[in-house]
Amino acid sequence: MSTTDEAIKTVRLIRSPVSIVGMVLTTISAVVFLVVFFADLFGMHSNPYIGIVFFLILPGVFLFGLALIPLGAWIERRRRAAGRRASEWPRIDLNNPDHRRVAVSIFALTMVNIVIVSLAAYRGVEYMDSTQFCGQACHSVMKPEATAHADGPHARVTCVECHIGAGATWFAKSKLSGTRQLLAVSFHTYSRPIPSPVQNLRPARDTCEQCHWPAKFHGDKIQRIAEYGDDEKNTESVTTLQMHVGGGVERAGAAQGIHWHADAANQVEYISTDDKRQVIPYVRVKDRTGAVREYVADGVTPDHLAKGERRRMDCMDCHNRPSHQMAASAERAVNAAMARADIPSTLPFVHREAVKVLKVSYPTEDAATEAIAKGLREFYRGSYQPIYMSRRQDVEKAVTGAQQVFKRNVFPEMNVQFGTYPNNVGHMDFPGCFRCHDDNHKAKDGRKISQDCDTCHKIE
Ligand code: HEC
Ligand code: HEC
Ligand code: HEC
Ligand code: HEC
Ligand code: HEC
């Protein structure tokens with residue numbers, strides 16, 4: 001046996017090309033995973049749907065690489081047992097001009113490749129973080145939320161700014177839920193409507209309070225709410241509310257306002273017993289003086305409370321629809337459209353008729369668009385022939401206005417109707433503030449969480 005044969009035998013089996021490919025794959029996937037993980041930790045938010053890369057593809061590549069290492073060794077052992085020479089690597093001699101040229105071009109091409117791949121990856125991440133991606137990639141699934149978002153006060157705030165943030169646990173949480181969602185969309189197993197992710201949302205401190213400063217709320221905010229009657233004249237009645245939105249700053253013992261709950265100096269904790277947090281039988285307050293008060297609803301037992309979810313109150317317990325507001329009822333939506341003059345309030349019975357066509361349940365948006373136009377035109381052509389002839393433009397405006405109301409609030413494909421998602425600001429359409437402010441939550445000393453109208457607003 002020659003000395004070269006001896007040497008070849010001692011070459012470790014895992015030096016085979018297949019094993020080396022395995023090692024390269026394992027290393028690359030591990031490095032990519034760590035780089036993105038740390039980027040996220042240090043505040044470069046990334047989209048939850050990259051989760052599919054993180055929880056499926058990268059580990060897949062990693063495991064595949066791991067499996068290749070022993071596989072390569074096994075193949076190599078068999079080659080040698082069959083008496084064949086161990087696989088050999090090409091010998092590169094940089095003194096040879098041909099070898100040198102090839103080596104230099106391979107190096108240059110690799111560098112170019114790295115730059116191209118990184119740029120592509122960066123653009124990919126950037127795109128996935130955009131509102132466009134979130135709202136449109138899953139098209140009909142997120143249509144209700146994307147439509148409301150585009151029409152709301154936070155249209156310029158990207159989806160990820162509220163739904164995701166930096167931090168290790170949120171990284172895992174959001175990536176995992178993103179992966180689950182993507183699979184659900186691929187296999188059409190998602191729920192319609194999508195349930196509100198109240199349990200998975202980040203605390204407001206990390207999202208809302210990055211832009212809004214709770215200590216700075218002050219003064220009153222005027223709300224003008226117009227309603228129209230079902231009579232021929234669509235008689236208008238207006239409620240003006242002076243909302244006491246202050247509350248952040250302690251001012252010389254004066255009564256504070258609505259944002260008292262959100263001031264860091266006051267801790268309001270509650271227990272809710274349903275998953276939409278609509279039933280709140282227990283509230284605990286620790287105010288800025290350190291005094292603690294516990295309010296319990298009539299007839300609630302400790303057993304009942306033990307099953308509930310305990311939570312510190314924040315912005316989202318009232319503003320649960322900051323960027324996805326949808327009208328609570330067809331009446332509300334038509335009132336708002338008439339107040340904006342999107343539906344002309346000078347057309348006879350337009351309130352009653354618009355509400356009527358909007359209350360029907362349609363199978364698709366297209367069916368609704370058609371039926372709304374037909375319903376309104378037929379009403380005016382039949383009952384108000386002269387108006388239909390002389391004010392055709394107004395009738396068409398009412399048609400477009402009513403169709404707009406539908407497209408903005410109702411999404412048949414997702415089973416989203418008027419009022420599907422409760423809004424907690426207010427108390428007329430949903431329990432809202434009255435979940436606690438019902439004069440029925442009492443403390444041991446007889447204090448109640450007040451329903452006195454003037455606590456929250458002055459009505460004119
Ligand atoms: C200003 C913050 C904010 C922004 C921006 C935002 N969301 Fe939301 N989103 C929320 C909150 C809060 C909820 C929880 C709603 C609830 O509990 O009723 C929510 C709920 C949802 C839901 C669950 C279904 C529902 O309607 O409750 C989906 C889906 C959703 N958002 C998608 C999006 C998409 C897509 C975008 C971007 C086009 C976006 N969100 C932008 C705050 C935001
Ligand atoms: C990236 C910054 C940003 C974040 C994050 C953000 N907001 Fe806002 N928000 C704004 C801006 C800017 C406005 C004012 C828009 C305007 O006046 O048209 C606004 C307006 C509002 C309003 C008033 C809406 C109205 O109709 O007058 C409410 C309520 C509100 N935000 C609540 C929230 C809540 C709750 C969250 C967290 C879920 C949140 N915001 C997160 C920037 C932000
Ligand atoms: C107890 C319920 C409640 C909590 C908690 C709460 N808000 Fe409000 N907020 C309201 C109400 C009610 C209004 C007035 C709504 C209206 O009539 O438009 C309001 C108004 C606002 C406005 C508009 C103010 C203006 O002057 O135009 C913003 C912005 C806002 N809230 C942000 C927040 C943020 C951010 C948080 C968390 C730090 C928060 N709110 C916590 C109930 C609440
Ligand atoms: C989770 C229960 C809960 C909900 C929901 C809630 N509140 Fe309160 N609210 C309280 C408690 C508790 C107090 C203080 C009672 C005390 O001082 O011991 C309070 C006090 C107030 C005060 C008086 C603050 C002061 O001291 O001057 C206002 C104003 C107010 N709430 C407005 C609202 C509005 C508006 C909403 C709905 C958008 C709302 N609250 C929803 C629990 C709640
Ligand atoms: C805990 C705070 C709170 C209390 C107490 C309260 N309200 Fe309100 N009220 C609100 C909020 C918040 C809204 C919603 C304002 C908005 O639409 O932005 C509202 C809205 C209204 C509206 C307008 C409804 C509409 O059509 O949108 C009326 C009317 C009203 N309240 C009457 C009352 C009366 C009467 C009482 C006394 C029995 C009362 N409220 C007690 C917080 C309160």
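Reply: Serine 29 counts as buried because its relative accessibility is 3%. The cut-offs are as follows: buried is under 20% relative accessible area, exposed is over 50%, and partly exposed is in between, with a 1.4 Å probe and protein chains only. This is a predicted model, so local features need pLDDT of at least 70 and side-chain atom pairs pLDDT 80 or more, while totals for chains, interfaces and linings use all residues. Residues are numbered from 1 along each chain as its sequence is written, chains are lettered from A and ligands numbered from 1 in the order written, and side-chain values use heavy atoms, without hydrogens and water.

Serine 29 sits in helix H2, residues 17-41. Helices (H or I, at least four residues) and strands (E, at least two) are DSSP runs, numbered from the N terminus. The serine 29 side chain lies 3.1 Å from the backbone oxygen of threonine 26. That is a polar contact: a pair of N or O atoms within 3.5 Å; within protein, one must be able to donate a hydrogen and the other to accept it, and residues adjacent in sequence count only if both atoms are side-chain atoms. Beyond its neighbours within four places in sequence, serine 29 touches Leu58, Val61 and Phe62. Contact here means heavy atoms within 4.5 Å.

Now the whole chain. It has 16 helices and 8 strands. Of its 460 residues, 34% count as buried.

Donors are N, O and S atoms within 2.8 Å of the metal (3.2 Å for Na, K and Ca); water is not among the atoms, so sites may look incomplete. The iron atom of ligand 4 is held by His261 (NE2) and His437 (NE2), at 1.9 to 2.0 Å. Histidine 261 is in the loop between S2 and strand S3 (267-272), histidine 437 in the loop between helix H15 (392-409) and strand S7 (441-442), and the two are 176 residues apart. Histidine 437 is buried, because its relative accessibility is 16%. The ideal angles for six octahedral donors are 90 or 180 degrees.

The iron atom of ligand 3 takes His259 (NE2) and His319 (NE2) as protein donors, 1.9 to 2.0 Å away. Histidine 259 is in the loop between S2 and S3, histidine 319 in the loop between helix H10 (315-318) and helix H11 (330-339), 60 residues apart. Histidine 259 is buried, because it has 13% relative accessibility. Histidine 319 is partly exposed, because it has 39%.

Last, ligand 5. Around it are 17 residues, and Arg332, His427, Cys453, Cys456 and His457 come nearest. A residue is near if one of its heavy atoms lies within 4 Å. An oxygen atom of ligand 5 is 3.1 Å from a side-chain N or O atom of glutamine 223. For arginine 332, an oxygen atom of the ligand is 3.0 Å from such an atom. For histidine 457, a nitrogen atom of the ligand is 2.7 Å away.
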